[in-house]
Amino acid sequence: MAICEVCGKKPVFGNKISHSHRVTRKMWRPNIQKVRVRLNGHSAKMNICTSCLKAGKIKKA
């Protein structure tokens with residue numbers, strides 16, 4: 001399971017309900033990308049969700 005290292009976003013579980021109301025389990029996964037990030041003058045790879053990337057919460061290396 002991939003978790004965003006900035007905001008902590010992780011997969012969410014729930015039910016998928018069809019038109020005939022048949023219920024099955026479903027998982028919604030966040031769009032996690034492995035990105036090279038600048039941290040304290042060094043570069044490191046982190047798992048970041050695309051909403052954090054778009055919001056500019058991190059500096060890409």
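User: Let's start with contacts. Counting those in the protein chain with a separation of 6 or more, what share comes from residues 24 or more positions apart?
Analyst: That share is 25%. Keep in mind that this is a predicted model.

User: OK. Which elements does the chain have, and in what order?
Analyst: Going from the N terminus, the order is β-β-β-β-α. That makes four strands and one helix.

User: What's the radius of gyration, and what would a compact globule of 61 residues have?
Analyst: The protein chain comes out at 16 Å, while a compact globule of 61 residues would be near 10 Å. Along the principal axes, the C-alpha trace spans about 55 × 20 × 15 Å.

User: How much of it is buried?
Analyst: 20% of the 61 residues count as buried. The accessible surface is about 5000 Å², and carbon and sulfur atoms hold 50% of that.

User: Which residues make up the largest nonpolar core?
Analyst: Nine residues: Cys 4, Ile 32, Val 35, Val 37, Met 46, Ile 48, Cys 49, Cys 52 and Ile 58. Strand E3 (32-39) and strand E4 (42-49) are the elements that give two or more residues to this core. As a general point, nonpolar side chains in soluble globular proteins tend to be buried together.

User: Cys 4 is on that list. Why does it count as buried?
Analyst: Because its relative accessibility is 2%, and the cut-off for buried is under 20%.

User: And what does Cys 4 touch, leaving aside neighbours within four places in sequence?
Analyst: Cys 4 is in contact with Lys 9, Ile 32, Asn 47, Ile 48, Cys 49 and Cys 52. Of those, Ile 32, Ile 48, Cys 49 and Cys 52 are also listed in the core.

User: Why doesn't the sulfur of Cys 7 make a bond?
Analyst: Because the closest cysteine sulfur, in Cys 4, is 3.6 Å off, which is too far for a bond. A disulfide here needs the two sulfur atoms within 2.5 Å.

User: Switching to the strands. How do E1 and E2 run, and how many bridges join them?
Analyst: They run antiparallel, and six bridges join E1 (residues 12-17) to E2 (residues 23-28).

User: Why point out a positive phi?
Analyst: Because most residues other than glycine have a negative phi. His 21 isn't glycine, yet its phi is positive.

User: Is His 21 buried or exposed?
Analyst: His 21 is exposed, at a relative accessible area of 56%.

User: What about the loop between E3 and E4, which residues are found there?
Analyst: Asn 40 is one of them, and Gly 41 is another. Asn 40 also has a positive phi, near 50°. Both count as exposed: Asn 40 has 79% relative accessibility, and Gly 41 has 52%.

User: Last topic, Met 1. Where is it found?
Analyst: Met 1 is in the segment before E1. It's exposed, with a relative accessible area of 74%.

User: What does Met 1 touch, not counting residues up to four places away?
Analyst: Pro 11 and Phe 13.

User: And how far apart are the C-alpha atoms of Met 1 and Lys 57?
Analyst: They're separated by 22 Å, and the two residues are 56 residues apart along the chain.

Terms used: Residues numbered from 1 in each chain as written. Predicted model: local features only at pLDDT ≥ 70, side-chain atom pairs only at ≥ 80, totals over all residues. Heavy atoms only, no water. Core = buried A, V, L, I, M, F, W, Y, C linked by side-chain atoms within 4.5 Å. Buried < 20%, exposed > 50% of the residue type's maximum accessible area, 1.4 Å probe, protein only. Contact = heavy atoms within 4.5 Å. Rg over C-alpha atoms; globule rule 2.2 N^0.38 Å. Areas by Shrake-Rupley, 256 points an atom, 1.4 Å probe, with all protein chains shown as cover. Pairing = 2+ DSSP bridges.
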